[in-house]
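Please open the structure in your viewer and keep the selection tool at hand.

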Amino acid sequence: MQNGIIENYRTLREELQAEGVVFRSDTDTEVIPRLLSRELARFHAGGSAPSGGLLLQALQAVLPRLHGAYAFAVVWAELPGALVVARKAAPLLIGLGEGEFLCASDTPALAGFTRTILPLEDGEVALLTPLGIELYDAAGDRVQRTPSLLSGTEHVADKRSFRHFMLKEIHEQPETAALWVARHLPEAELGAAPHAGLLVALPLDESVYEGVERIQILACGTSRHVAQVGAYLLEQLAGIPTSVFYASEFRYAPPPLSPNTLTIEVTQSGETADTLAALAMEQERRRAVADPAYAPRLLGITNRPESSLGRLVDQIFDIGAGIEVGVAATKTFLGQLLAFYGLALAFAERRAGGATGHGPEQLRQLAAGLRALPQQLRDLVDDHDRRCEQLGHLFADTQDVMFLGRGINYPIALEGALKLKEISYIHAEGYPAGEMKHGPIALLDARVPVVSIAVPGTVFDKVLSNAQEAKARDAQLIGVAPECADAELFDTLLPVPVVDELLSPLLTVIPMQLLSYHIAAHRGLDVDQPRNLAKSVTVE
Ligand code: F6R
């Protein structure tokens, strides 16, 4: 079993073939057992009997030859009952079960078997036998480490009465929000240090906020959409210039260094290879600068504080959403989004509104709006589950869907399109509604449904008139908007309550998730395990 990619496998393969080794597959993985067999044969020729120590020694001799990222487990026919595991730049966890050890690349796979885990650090190897675990670092020295306990695994192996984990996880979002409010937004203003007089209590050291002039956020996929909403909030609420990057692009073309910059990594799994590599690169180039203003300041937002991310950053914001099994992120999206609401409020409070004009009263109103969120979500999820189920069949032959949003809801349009692509395999695009006239409007006709997010606020009228333009091209219009006279424009309405525009993404994302879910479920697709996708993307 191997996760990752052995980049120099062709060279290794040729080397072994030149020695007469015959390969059975074209995979990069096969070079690993072939190299190990060669090492073991050498030891055997030297008269050594099969033992765990021997297998470990062979593994340690092979690892320096492997370039790239890997996490793998090896069994040896000569030594049943022993297993060796190794990792480099790809996650590997050992689970300590009852009378058994388990190996996995991510925690959801272990949930249901055990809550006790031992995550391997980069470069480590371990020998697992009925006698226990022997752990060694990259230098071959024995390491002692206490296993940790997983949180939030209680219901994971159980879909309850739901047809899919994704649907269950969508329905868990009111609970995610309620927990967040209880933890970070207590009813009364905070009385005790270090949060005295403040609205939000975050599990972060005060140094996170001090002297920050810029913020840069690195993330991939859905987490990047969260980051885009986060950037909007940090700029509009707290007045901090904030840029969002695809981690996969940032790692090869970072912007020039700026001083006093907080770098935030957003990754629900905490194991996304591109995000971790971008983070490592940023850390390294900042450490190389003597001026302390350029020193790395790293904050991770994740659902898995025990992940590789958790071990790399200075401070971690655990979103505590519980294990998410469905590959398509839903409740972790909401959890990460809430983390940014907390962060933006915390910065804004410390800057007393700054250049944005959000004074204490407006911040208090936003906090009150967030406290109302769990109940609003409860109503919305139940209502839209029914509504979207009835819409599923309308998309039986659909090949393209357009999602439109503006301002703080533009990333939600992107998220709607990504969710639909991932699980229903329908081509979808998310677009800033005002950009349609610059090209994509040419795609519209009666066969292309348009989902338009239109909530009262700075761009309400603009979005409605963009939707009107789509309607004039015979597109079927689905509106995610409040029930009001303007909404009569839509062929179908997925109603959302009127809230402060800044809070609206927390609600408008629900119909996006449920629409995608019901379209995919109606098509009979494997919603929880869509083709070609993984919950943790541990390769570049
Ligand atoms: C979408 C999805 C992916 C992930 C992306 C980053 O539903 O799951 O787009 O968002 O692979 O994953 P994390 O957040 O684990 O870094």
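Begin with the shell around the ligand, which by class holds six nonpolar, seven polar and two charged residues; here Ala, Val, Leu, Ile, Met, Phe, Trp, Tyr, Cys and Pro count as nonpolar, Asp, Glu, Lys and Arg as charged, and the others, Gly among them, as polar. This is a predicted model, in which local features need pLDDT of at least 70 and side-chain atom pairs count only at pLDDT 80 or more, while totals for chains, interfaces and linings use all residues. Residues are numbered from 1 along each chain as its sequence is written, and side-chain values use heavy atoms, with hydrogens and water left out.

Select the 15 residues that surround the ligand, of which Ser223, Thr267, Ser269, Thr272 and Glu422 are the closest; a residue is near a molecule if one of its heavy atoms lies within 4 Å of it.

An N or O atom in the side chain of Thr267 is 2.7 Å from an oxygen atom of the ligand, a polar backbone atom of Gln268 is 2.8 Å from an oxygen atom of the ligand, and a polar side-chain atom of Ser269 lies 2.7 Å from a ligand oxygen. Taken alone the ligand exposes 410 Å², and the protein buries 92% of that, with areas from the Shrake-Rupley method and a 1.4 Å probe. Colour helix H7 (221-238) and helix H14 (410-424), the elements that give two or more residues to this shell; helices (H or I, at least four residues) and strands (E, at least two) are DSSP runs, numbered from the N terminus.

Follow H14 to the loop between it and strand S17 (427-432), where Tyr425 is placed. Tyr425 has a positive phi of about 65° although it is not a glycine, and it counts as partly exposed because its relative accessible area is 27%, where buried means under 20%, exposed over 50% and partly exposed in between (1.4 Å probe, protein chains only).

Now select Arg160, in the loop between strand S10 (148-149) and helix H5 (165-171). Its phi is also positive, near 55°, and Arg160 is partly exposed, with a relative accessible area of 44%.

Finally, go to strand S13 (residues 261-266) and pick Glu265, which is buried, with a relative accessible area of 0%.

Definitions and conventions. Polar contact = N/O pair within 3.5 Å; in protein donor to acceptor, adjacent residues only side chain to side chain.
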